[in-house]
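Hi,

Here is the structure I promised to pass on.

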Amino acid sequence: MNLRLLATLLLLGCARLASAADLYYLTHEIPIGGEGGWDYLSLDAAARRLYVTHATKVVVIDVDREGILGQITGTPGVHGFALAPELKRGFASNGREGTVSIVDLLTLKTISKTTAGENPDAIIYEAGRQEVYAFNGRSPSVTVIAAATGVVVTNTPLPGKPEFAAADAFTGRVYCNIEDKNEVVVLDAKTHAVVQVWPITPGEEASGMAIDPATHHLFIGCHNERMLMLNAATGGLLDKVAIGQGVDACAFDPGTQLAFSSCGDGTTTIARELGGKLEVVQTLWTRRGARTMALDPQTHKIYLATVDYEAQPDDQTRRPRQIPNTLKVLVYSMAKSAP
């Protein structure tokens with residue numbers, strides 16, 4: 001046996017061993033198709049529905065039957081879809097229109113629209129006071145909406161461009177990444193005022209955010225290829241791990257104590273939270289462009305959206321083109337043997 005063949009066999013053997021030890025693996029794809037871009041994914045674990053924002057609509061997927069259930073239309077430039085399950089309502093941030101659609105989750109019909117700021121992007125539901133926070137990307141502010149009535153409660157100015165956010169009903173706080181200032185702002189859910197601003201050094205250009213509701217730790221995905229874990233009471237840095245390029249979403253699974261950062265370079269970093277520390281347990285190879293993600297806390301599956309791309313152009317400075325009608329959701333399951 002020559003040395004080159006032996007080296008190849010050894011590499012294959014190592015790859016098989018690494019694969020066997022992986023926590024997560026691809027199980028299947030759910031085709032969506034259609035034209036236009038996509039953004040955030042949201043999952044309603046109780047109703048078993050996944051919402052995928054897609055250009056001018058929100059695609060609704062039955063995660064148990066793994067097929068398209070329907071769609072919510074009239075959402076131009078939609079970025080995010082927040083869920084208020086107890087009210088049977090959803091809220092779409094329509095970036096091109098500067099509005100928030102209020103949607104009946106039973107019929108998937110729009111009840112009404114509320115005016116937000118310029119390019120509402122990230123949107124979350126704060127269950128403690130039953131309010132929706134729409135973060136406006138081009139008029140740095142947050143529009144707070146009463147979920148039951150659709151009435152705007154207030155507009156709070158922010159110190160820079162907001163990205164994703166998370167709410168902690170126990171502490172009565174809402175946290176938001178300020179991407180262009182490398183900061184996190186803390187809003188009081190009762191007064192809606194900014195009460196603290198924290199630097200995120202050594203993180204830069206934060207995008208994704210998730211929270212552990214038990215320990216009140218924040219997980220922040222940064223574009224300088226780091227995921228940070230912060231103390232949500234003080235803003236202090238607890239730990240950091242390396243991640244891939246082009247992060248957009250973070251998620252946290254209370255059942256497994258795993259934190260996830262999904263990146264456009266085709267990797268999702270999975271780290272375990274343990275004793276105030278983070279330990280990377282897998283770099284999951286996904287697909288190029290699979291930067292947005294939702295997690296099902298019941299099954300522990302993660303869902304990532306992406307499209308197919310043409311071959312890399314000879315001019316490496318140009319991005320490869322998306323192939324039309326190839327939008328899909330990639331479904332990754334946890335290995336049965338995983339600890």
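Below is what turned up when I went through it. Keep in mind that this is a predicted model.

Let's begin with strand 3, which covers residues 49-54. Six of its six residues are buried, so the strand is largely enclosed by the rest of the structure.

What does strand 3 pair with? On one hand there is strand 2 (residues 38-44), antiparallel to strand 3 over five bridges. In that pairing, Asp 44 stands opposite Arg 49. The two strands make a hairpin with four residues between them, and Arg 48 in the turn has a positive phi of about 60°. Strand 3 also pairs with strand 4 (residues 57-62), again in the antiparallel sense, over six bridges. There, Thr 53 stands opposite Val 58. This hairpin has two residues between the strands, and Ala 55 takes a positive phi near 65°.

Two loop residues have a positive phi as well. Leu 108, with phi near 65°, is in the loop between strand 8 (99-104) and strand 9 (109-115). Asn 182, with phi of about 55°, lies in the loop between strand 15 (173-178) and strand 16 (183-188). Are they buried or exposed? Leu 108 is buried at 12% relative accessible area, while Asn 182 counts as partly exposed at 28%.

Another loop to look at is the one between strand 17 (194-199) and strand 18 (206-212), where you'll find Pro 202. A cis peptide bond joins Thr 201 to Pro 202, with omega about 15°.

Now for the rings. The count comes to six aromatic pairs. One of them is Tyr 24 with Phe 260: the ring centres are 5.5 Å apart and the planes are at 85°, so the pair is edge-to-face. It links distant parts of the chain, as Tyr 24 is in strand 1 and Phe 260 in strand 23, 236 residues apart. Tyr 24 is buried at 1% relative accessibility, and Phe 260 is buried at 0%.

Arg 291 lies over the face of Trp 38, 4.7 Å from the ring centre. The charged end of Arg 288 sits over the ring of Tyr 309, at 5.5 Å from its centre.

Cheers

Conventions. Residues are numbered from 1 along each chain as its sequence is written. This is a predicted model: local features need pLDDT of at least 70, side-chain atom pairs count only at pLDDT 80 or more; totals for chains, interfaces and linings use all residues. Side-chain values use heavy atoms; hydrogens and water are left out. Rings of Phe, Tyr and Trp (its six-membered ring) pair if their centres lie within 6.5 Å; planes under 30 degrees apart count as stacked, over 60 as edge-to-face and the rest as tilted. Buried means under 20% relative accessible area, exposed over 50%, partly exposed in between (1.4 Å probe, protein chains only). A charge sits over a ring if NZ of Lys or CZ of Arg is within 6 Å of the ring centre and within 35 degrees of the ring normal. Two strands pair if DSSP finds at least two bridges between them.
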